[in-house]
Amino acid sequence: MSELLKLANHYKSDKGSSTGSGTHFALLYEHFFGHLKDEKIKILEIGLNNGGPEHGSARLDRVITDCPSIKMWHHYFSNGDIWGWDINNIDIELLKSMKRFKFFKGDQGDIDSYKNFESLTNSVYPGNNMFDIIIDDGSHAFYHQQLSFVHLSKMLKPGGYYVIEDTHWQPDRTQGGSKLGGHAPFDKEQLPSTVNTRKLFDSIFIGKDHGTLVPNYGINEALRAPASENMFLSCEPESKTPHFGTNSDFKSLDQFNNMRNHLDTLNQKRPEYASELFNEMKLYDRILLNDRTLGQDLRRKAFVLKIIILKKRD
Ligand SMILES: C[S@@+](CC[C@H](N)C(=O)[O-])C[C@H]1O[C@@H](n2cnc3c(N)ncnc32)[C@H](O)[C@@H]1O
């Protein structure tokens, strides 16, 4: 069995196969991050323990007493610095139990949290606070996912990985956003309105499917390039004339219009970050998660439709 999957199961993270929904994301992570195992990396994960305020405001005052995926990362990346970011406080004994674990208390929906995180990491690593891996496993609200990407992408090294987990679920009242008591603080009615993160990324990363079966850790063949610079230019929200046909990445006019619609809607709803988000997206390739890039066994086990894995270009 994969080492990371064993650790996920041992620490009872649902990134494994035996706890909760058993997403098997650990298999994907080992496949793509395994070559970094012994490196002195910096990894940040937003979201420490299931059952937080994404399930009800009564959980806003919770103190976190377990952090399965942080324990898994700490064990696996034995030379890495493991940063955990959460809106809840953490039990001090838990924090002290792992010597390379660093905790940041912040809210994904609060701009000041990003500023504070940047200052804190700058003081810990003067002039070198860029991360190798950033995983967003926080509230899962579209607005939070997008705000985190806009701000934290700037703290990811070239060649680094940015991951958004559980893109299929929203902390809405209807989907369990208040099931653990209180109102649903991250219901879509409570947060600024925006587009669906998965659909946004799907509409933009449409380049040709270059995927072929890759051995563990080899990802060059597993990248799906986003639109080329030309294509992005022709799709800027203010550009009224689509230059469809100038770029062979588009397979159809529908695909082109889909991208335009998403960008236009994002720009109308969230003008304060639409262009920034778009500019950050241009820096990435998206990793294809299919039979050819993962092999049938891994592709079938891992919940590939619930996760987005991006690689920042070198
Ligand atoms: C799905 S759980 C994380 C599970 C954990 N990563 C694991 O694999 O075991 C989500 C976490 O996100 C945190 N969270 C919810 N809303 C947040 C927000 N607005 N900002 C930061 N963290 C948030 C919750 O407190 C909770 O710990």
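**Reading the model, feature by feature**

Biologist: At what angle do the axes of helix H1 and helix H2 cross?

Modeller: This is a predicted model. The axes of H1 (residues 3–10) and H2 (residues 25–33) come within 8 Å and cross at roughly 145°. The crossing of these two helices is right-handed.

Biologist: Which residues of H1 meet H2?

Modeller: The general idea comes from helix geometry. An α-helix has 3.6 residues a turn, so residues three or four places apart point the same way. In this structure, Glu3, Leu4, Leu5 and Ala8 of H1 meet Ala26, Leu27, Tyr29 and Glu30 of H2. The residues of the contact of H1 with H2 comprise six nonpolar and two charged, with no polar ones.

Biologist: What is found in the loop between H1 and H2?

Modeller: Lys12 lies in that loop, and it has a positive phi of about 65° although it is not a glycine. His24 belongs to the loop between H1 and H2 as well, and its phi, near 60°, is likewise a positive value in a residue other than glycine.

Biologist: Is His24 buried or exposed?

Modeller: The reading rests on a count of neighbours: a residue is buried if 20 or more other C-beta atoms lie within 10 Å of its own. His24 has 21 C-beta neighbours inside 10 Å and therefore counts as buried. Lys12 has 16 other C-beta atoms within 10 Å, so it is partly exposed.

Biologist: How much of the whole chain counts as buried?

Modeller: Of the 314 residues of the chain, 45% count as buried. The chain has 12 helices and 10 strands. Among its contacts between residues at least 6 apart in sequence, 69% join residues at least 24 apart.

Biologist: How should I read the two sides of strand S1?

Modeller: In a regular strand the side chains alternate between the two faces of the sheet. In S1 (42–46), Lys42, Leu44 and Ile46 point one way, whereas Ile43 and Glu45 point the other way, and all are buried. S1 is thus mostly covered, with five of its five residues buried.

Biologist: Which strand is joined to S1 by five bridges?

Modeller: Strand S3 (residues 81–86) is joined to S1 by five bridges, and the two run parallel. Within this pairing, Ile43 stands opposite Ile82 of S3. S1 also pairs with S6 in the parallel sense, over four bridges. There, Asp136 of S6 is the bridge partner of Ile46.

Biologist: Where does an antiparallel pairing occur?

Modeller: Strand S9 (residues 284–287) and strand S10 (residues 307–312) pair in the antiparallel sense over three bridges. Arg286 stands opposite Leu310 in S10. Tyr284 and Arg286 point one way from S9, Asp285 and Ile287 point the other way, and all are buried.

Biologist: Why is helix H6 described as largely enclosed by the rest of the structure?

Modeller: The description follows from its burial: 10 of the 11 residues of H6 (residues 142–152) are buried, so the helix is largely enclosed by the rest of the structure. Among the buried residues are Phe142, Tyr143, His144, Leu147 and Leu152.

Biologist: What covers the buried residues of H6?

Modeller: The cover includes S1, strand S6 (131–136), strand S7 (156–165), helix H7 (197–204) and helix H10 (274–281). The axes of H6 and H10 come within 9 Å and cross at roughly 65°, and this crossing is left-handed. Gln146, Phe149 and Val150 of H6 make the contact with Glu276, Leu277 and Glu280 of H10. The residues of that contact divide into three nonpolar, one polar and two charged.

Biologist: Which residues come nearest to the ligand?

Modeller: Gly47, Gly52, Ser69, Ile87 and Ser139 come nearest, out of the 24 residues around the ligand. S1 and helix H3 (68–76) each supply at least two residues of the shell.

Key
Residues numbered from 1 in each chain as written. Predicted model: local features only at pLDDT ≥ 70, side-chain atom pairs only at ≥ 80, totals over all residues. Near = placed C-beta within 6 Å. Buried ≥ 20, exposed ≤ 12 C-beta atoms within 10 Å, placed from the backbone. Contact = placed C-beta atoms within 7 Å. Axes fitted to C-alpha atoms, helices over the stretch in contact; angles between N-to-C directions. Left-handed = near helix turned anticlockwise from the far one by under 90°. Nonpolar A, V, L, I, M, F, W, Y, C, P; charged D, E, K, R; others polar. Pairing = 2+ DSSP bridges.
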